[in-house]
Amino acid sequence: MKDLEDQISAAFATVPPPPVWSLANSREGNEPLLVERDFRDKTDWRVLSPEFLDSAPDGYASALSFFSDEALRFYLPAYLIADLRGQLNRADVLFHLTHGLDDESRSKLLNPLRYGNRTWFDAISHRLSIFDAAQAAAIVRYLEHKIDVADLELERRSARQALDNYWLRRT
């Protein structure tokens with residue numbers, strides 16, 4: 001597992017922190033503002049504690065849902081490594097790398113009233129396109145690891161399908 005952590009660290013080593021104005025992907029509700037507040041001074045993902053990651057923002061453990069694409073690219077390695085170490089209880093990294101890419105959710109419409117015919121696959125594949133080949137390769141290895149260690153068949157199936165439907169084409 002140390003080699004996977006090293007691969008993740010190397011793949012994301014040169015990603016710059018996002019500017020404060022680009023931390024959240026929404027202005028709806030309180031949580032995006034809380035993400036901005038909690039992450040505004042977090043410019044080195046390597047020093048973020050698992051406890052912080054597992055509760056941010058403000059105890060909701062929902063930062064991964066509200067990060068902008070740039071913020072996701074910068075902070076994801078901290079979440080990946082903490083998850084590999086078994087240090088996350090609430091933040092669901094696997095969900096954010098598979099939902100919309102698995103067979104069950106990929107064809108579902110995101111929000112037809114707002115986004116017309118945009119599917120979850122359309123939205124998520126756009127969001128995740130920010131990762132370069134080395135970063136995608138590290139994510140692929142993370143997903144393969146999760147398939148090997150996941151307790152739930154649903155998690156293994158989602159990871160396999162996300163790999164087949166999206167991630168393996170990225171490397």
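User: Which elements cover the buried residues of H2?

Analyst: First, the terms. Helices are DSSP runs of H or I with at least four residues, strands are runs of E with at least two, and both are numbered from the N terminus. Buried means under 20% relative accessible area, exposed means over 50%, and partly exposed lies in between (1.4 Å probe, protein chains only). Contact means heavy atoms within 4.5 Å. Now the case: the cover of the buried residues of H2 includes helix H3 (50-53), helix H4 (63-66) and H5.

User: Which residues of helix H2 are buried?

Analyst: H2 spans residues 31-39, and Pro32, Leu34, Val35, Glu36, Asp38 and Phe39 are buried there.

User: What should I know about the model itself?

Analyst: This is a predicted model: local features need pLDDT of at least 70, side-chain atom pairs count only at pLDDT 80 or more, and totals for chains, interfaces and linings use all residues. Residues are numbered from 1 along each chain as its sequence is written, and side-chain values use heavy atoms, with hydrogens and water left out.

User: Which residues touch the most other members of the largest nonpolar core?

Analyst: In soluble globular proteins, nonpolar side chains tend to be buried together. A nonpolar core is a set of buried Ala, Val, Leu, Ile, Met, Phe, Trp, Tyr and Cys residues joined through side-chain atoms within 4.5 Å. Here the largest such core has 50 residues, and Phe39, Phe67, Tyr75, Tyr79, Leu97 and Trp167 touch the most other members. H5 gives the most to this core, with 11 residues.

User: What is Leu97 in contact with?

Analyst: Set aside neighbours within four places in sequence. Leu97 then contacts Leu76, Leu80, Leu128, Ile139, Tyr142, Leu143, Ala162 and Trp167.

User: Where does Gln87 lie?

Analyst: Gln87 sits in the loop between helix H5 (69-84) and helix H6 (93-98). Its relative accessibility is 34%, so Gln87 counts as partly exposed. Not counting residues up to four places away in sequence, Gln87 touches Pro50, Asp54 and Ala82. Pro50 is 37 residues apart from Gln87 along the chain, yet their C-alpha atoms are separated by 5.9 Å.

User: How many helices and strands does the protein chain have?

Analyst: The protein chain has 10 helices and zero strands. Of its 171 residues, 47% count as buried. Residues 24 or more positions apart account for 69% of the contacts with a separation of 6 or more.

User: What does the C-alpha trace span along its principal axes?

Analyst: The C-alpha trace of the protein chain spans about 45 × 35 × 30 Å.
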